[in-house]
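Here is a short briefing to read alongside the model. Have a look at the fold first, then work through the points below.

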Amino acid sequence: MEVLFTPHFKRAAKRLPASMRRMVEERMELFMEDPFAALLKTHKLTGTLKGYWAFSIDYRIRVIFSFDGRTKAILHEIGDHSIYE
């Protein structure tokens, strides 16, 4: 899976603590291998975020993304549950 990052995602990821960034890198590798791996808890979003998906980094941090075809994903946002607002 090819993964693209929006500038907003890159800025938000840089604000995460260093220990969390390592976990993000690990989850990103897993996401590139299998976007629907059970550990990621990938799910569709509804309401105003319909058309987007999310997966978990840990119990608190989530990533919002969209698919662009079958082989490409665009990561839009990373953060706690406030990213859904």
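Predicted model: local features only at pLDDT ≥ 70, side-chain atom pairs only at ≥ 80, totals over all residues.

Local features need pLDDT of at least 70 and side-chain atom pairs count only at pLDDT 80 or more, while totals for chains, interfaces and linings use all residues. Residues are numbered from 1 along each chain as its sequence is written, and side-chain values use heavy atoms, leaving out hydrogens and water.

**Sheet**
- Strand 1 and strand 5 run parallel, joined by four bridges.
- Helix 1 packs on the sheet, where it touches strand 1, strand 4 and strand 5, and its direction makes about 45 degrees with that of strand 5 (axes are lines fitted to C-alpha atoms, for helices over the stretch in contact, with angles from 0 to 180 degrees between N-to-C directions).
- Five strands make up an open, mixed sheet in the order 1-5-4-3-2 (strands are DSSP E runs of at least two residues, helices H or I runs of at least four, numbered from the N terminus; two strands pair if DSSP finds at least two bridges between them).
- At the edges are strand 1 (2–5) and strand 2 (43–44), each pairing on one side only.

**Cores**
- The largest nonpolar core has 20 residues, and Phe 31, Phe 55, Ile 57, Leu 75 and Ile 78 have the most contacts inside it (a nonpolar core is a set of buried Ala, Val, Leu, Ile, Met, Phe, Trp, Tyr and Cys residues joined through side-chain atoms within 4.5 Å; buried means under 20% relative accessible area, with a 1.4 Å probe and protein chains only).
- Helix 2 gives the most to this core, with four residues.

Terms used
Buried < 20%, exposed > 50% of the residue type's maximum accessible area, 1.4 Å probe, protein only. Contact = heavy atoms within 4.5 Å.
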